[in-house]
Structures are given as C-alpha cells and as structure tokens.
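User: Could you walk me through how the inside of this protein is put together? I am new to it.

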Amino acid sequence: MTFVVRQIAAIETQPVRHAVLWPHKPTVASCVIPGDDAPSTLHFGAFAPSGSLVGVCSVFDERSGRFPNALPLSDRVVRLRVMGTLPSVRGKGAGEALIQTVLDAALKRGAAWVWCDAREVAFGFYLRLGFSFHSEVYDVPEIGTHRMMARRVET
C-alpha cells in the first residue's frame, strides 16, 4: 500500500492522537500539546490511497530535557512526538513513510538528530528504522513504559 505524507495543521492531528495515543483523554479537542501552534513546529499526516488520514506525527525544535547529556550538545536536534497510525494500516508502511518525511524535514532544518520518547510497543518499529536507545525505561503515567530513542540524520 502506498501512503502520501504531507504537512497538515495541528488540529488535523487530534482525531488520530485521540484514537491511537490518548483514548483516555475526554475529547478529541483535549489532544493538544504545548508548542503545537509554534511557528517552528511541523505536523505531518499519512494518507491512504482512499484519501483518509491514517497516521500523524509532529516535529518540535526541542532538546531532551529528560536526558540532557544523551546527545552531543553541539548537535542540533528535533523531537518527534505524537507519532501514531491507525490499527488498520499498521505494518503496511504508513509509519515508515512518516518517519522518512520527518528525517527529510530534520535534514532541511540542519538537525543532526531526531529523538523521541518511544512507547514500549514501538521499540521494534524504531529499531528497524535505525533509531537506538538513549535511556533506561521510564513510566509515563496513564500511558506506560517508554525509552528515549534517537537516530542520527544522514545526508
């Protein structure tokens, strides 16, 4: 299956965020995070051949506050957040298409690294795409086990 990834508005990410990442939140509109509307933040959507939005992610100019020494201080980094795909398309390439778009966007910004707080269920996905672990496990309340993962952006 071929997916088209394009930049979308922050508000367009909310239904997938709610369905996939934060079903415990009371409403779709509550799936906002600080920085969503910052001029430097990018939001991407993966669209199925039918035109329906099946995956989302956001990219923030943000160094890791949780692990400040995990990545070289001289390197510019971007943070991948709220990455998720609908269950109906998992394993079909939507997530990989989103990550490739994020890596391309990071390269255009001059970033040397992309990092994320990865959920335990996604460790294998990120490892297959060249990310590596940069922390021990930690718990995010209401969500579960995570580890910081990062990938060097290649030219």
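Analyst: What follows goes through the nonpolar cores, the aromatic pairs and the charges over rings. This is a predicted model, in which local features need pLDDT of at least 70 and side-chain atom pairs count only at pLDDT 80 or more, while totals for chains, interfaces and linings use all residues. Residues are numbered from 1 along each chain as its sequence is written, and side-chain values use heavy atoms, with hydrogens and water left out.

User: Which residues have the most contacts inside the largest nonpolar core?

Analyst: They are Phe44, Leu80, Ile99, Val114 and Tyr126, in a core of 31 residues. A nonpolar core here is a set of buried Ala, Val, Leu, Ile, Met, Phe, Trp, Tyr and Cys residues joined through side-chain atoms within 4.5 Å, where buried means under 20% relative accessible area, exposed over 50% and partly exposed in between, using a 1.4 Å probe and protein chains only.

User: And which helix or strand gives the most to it?

Analyst: Helix 2 does, with seven residues; helices (H or I, at least four residues) and strands (E, at least two) are DSSP runs numbered from the N terminus.

User: What does Tyr126 touch?

Analyst: Leaving out residues up to four places away in sequence, Tyr126 touches Leu80, Met83, Ile99, Cys116, Ala118, Phe131 and Met149, contact being heavy atoms within 4.5 Å.

User: Is Phe123 buried or exposed?

Analyst: Phe123 is buried, at 12% relative accessible area, whereas Phe133 is partly exposed at 29%.

User: Which charged ends sit over rings?

Analyst: The charged end of Arg147 sits over the ring of Phe133, 3.7 Å from its centre, and that of Lys25 sits over the ring of Trp22, 4.6 Å from its centre. The criterion is NZ of Lys or CZ of Arg within 6 Å of the ring centre and within 35 degrees of the ring normal.
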